[in-house]
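Please read these notes alongside the sequence and the model.

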Amino acid sequence: MDNIAGSPVEGANFFGRSAVAQDLWDTLQNDDILLLGPRRIGKTSAARAVMTLARDSGWKAIEINVAACVDEKGFLDKLGAELKKAIDSLPGKLWDGAREKLGALGNRIKSLKLGGFGGTVDISLSGPDSDDWSKVGNDLLTLLDELDDRWLIYMDELPIMLFNIIRQDQTGGVLRVRRFLDWFRNDVRALAGAQKVRWLISGSVGLDTLVQEHGMADTINSLNHQSLPPFSEALACQLIRELAARYTIALDATAIARLVAAIRWPQPYYLQVAFQHLRSLVNAAPATPPQDLIDKAVDQLIQPGADNDFHHWEKRLEMQLSPDLARLAKALLTQSATQPSGTRAENLLATVQQRHPNATDDEALALFARLRDILLRDAYWQPDDSTGGRHYHFPLEPLRRWWLRRNSL
Ligand SMILES: Nc1ncnc2c1ncn2[C@@H]1O[C@H](COP(=O)(O)OP(=O)(O)OP(=O)(O)O)[C@@H](O)[C@H]1O
Ligand SMILES: [Mg+2]
């Protein structure tokens with residue numbers, strides 16, 4: 001296994017999650033999946049492993065990343081182009097009809113007006129015979145019904161696209177997002193070819209937060225919600241052991257356990273980055289025993305310049321929450337960052353009360369609970385009852401240390 005820290009990993013570099021991919025694949029036999037998790041948690045790697053399983057079973061599989069799409073038209077453009085690429089690559093006359101229809105649909109997508117629907121659309125622009133993006137989307141997916149194969153569509157970063165729509169269209173954006181999700185839930189399922197297509201949707205910002213904050217949680221209820229839990233300690237140690245063997249770095253079991261403990265939340269990415277730093281340090285100081293460089297390697301993760309990944313954790317709050325709520329969430333996180341063991345719930349609640357002096361006790365508690373649930377779900381916090389009184393702490397220790405560094409003088 002190579003020490004890869006950044007790009008999605010495949011084949012022999014995809015470590016320890018074959019069973020996870022198999023589970024996702026089994027689930028896809030009956031359900032569409034919503035796979036949410038913070039950046040770098042391994043979503044694309046897992047999704048690509050699922051695509052391999054799908055292809056091994058004779059399915060066609062395509063991947064679209066919609067992070068750069070700012071409207072429904074952009075989404076259809078991406079979907080149409082990727083389907084076209086997949087169908088173009090198939091040999092034989094059998095596909096000629098589909099190719100032709102796809103070409104025609106491509107033209108309809110290009111001539112769609114603006115977002116196709118919503119507050120920004122000038123009614124005078126959309127006359128009675130103007131095309132609607134959802135109709136074009138339906139026709140695009142119905143086309144798949146005419147083909148014999150089953151299709152897996154892996155759609156990455158859907159939440160970012162929906163946030164883009166809301167940001168770009170202050171008046172009609174929320175309505176358009178609702179309509180998009182309703183279209184996905186109702187129309188797409190009702191299409192003739194629905195049974196032939198499965199969706200694996202993923203995202204690194206909380207679609208769940210978005211729909212809850214805007215009162216449309218019902219729109220994603222029919223998706224099967226999945227996440228990527230961290231490795232067990234034993235599996236994390238095995239990953240480091242394999243990397244150490246591959247790069248001939250002498251680390252004994254104690255040193256490996258110490259490296260894993262320093263990360264605390266053993267998601268493979270953070271193990272890979274810590275190991276990468278260790279590798280460079282070992283190369284620079286070959287006479288030093290590698291275990292003596294572990295602390296320095298982990299420390300490098302959070303230093304300016306090397307800390308790009310952690311900025312996303314901060315930005316994600318600003319993207320998902322209103323400015324007021326984001327500020328409060330950050331204050332609570334800063335408070336809980338002072339100790340690895342976190343902060344007592346009562347003390348965190350006191351911060352909410354302090355910052356909202358006009359709120360009643362019930363209101364402050366409700367506000368705290370709302371934020372706490374978001375922070376737990378998005379892996380900023382973990383509850384801990386072992387030290388007397390409930391505490392909330394950062395599971396990812398380097399993130400806690402980064403947060404503390406960022407928010408102190
Ligand atoms: N199964 C795995 N085995 C080994 N390393 C992994 C695995 N999954 C993820 N990683 C590590 O995490 C990194 C990011 O993986 P990936 O791109 O799949 O995550 P992601 O959640 O899609 O990230 P992003 O949100 O940035 O798109 C990889 O470069 C690798 O270091
Ligand atoms: Mg990804």
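1. Burial. Of the 409 residues in the protein, 51% are buried (under 20% relative accessible area, with exposed meaning over 50% and partly exposed in between; 1.4 Å probe, protein chains only).

2. Basis. This is a predicted model in which local features need pLDDT of at least 70 and side-chain atom pairs count only at pLDDT 80 or more, while totals for chains, interfaces and linings use all residues. Residues are numbered from 1 along each chain as written, chains are lettered from A and ligands numbered from 1 in the order written, and side-chain values use heavy atoms, without hydrogens and water.

3. Secondary structure and overall size. The protein has 17 helices and eight strands, taken as DSSP runs (H or I, at least four residues, for helices; E, at least two, for strands) and numbered from the N terminus. The radius of gyration is 24 Å, close to the 22 Å from the globule rule for 409 residues, so the protein is as compact as a globular protein of that length. That radius is taken over C-alpha atoms, and the rule is 2.2 Å times the number of residues to the power 0.38. The C-alpha trace spans about 70 × 60 × 35 Å along its principal axes.

4. Contacts. Among contacts (heavy atoms within 4.5 Å) with a separation of 6 or more, 75% are between residues 24 or more positions apart.

5. Domains. An automatic or database assignment sets the domain bounds: domain 1 covers 17–226, domain 2 covers 233–300 and domain 3 covers 310–406. The C-alpha centres of domain 1 and domain 2 are 39 Å apart. Five residues of domain 1 contact five residues of domain 2.

6. Helix α17. Which residues of α17 (residues 397–406) are buried? They are Glu397, Pro398, Leu399, Arg400, Trp402 and Trp403. The buried residues of α17 pack against α10 (253–263), α13 (308–320) and α14 (323–336).

7. Pro383. Strand β7 (residues 382–384) contains Pro383. With a relative accessible area of 38%, Pro383 is partly exposed. Leaving aside residues up to four places away in sequence, Pro383 touches Leu376, Arg390, His391 and Tyr392. The C-alpha atoms of Pro383 and Thr171 are separated by 38 Å, the two residues being 212 residues apart along the chain.
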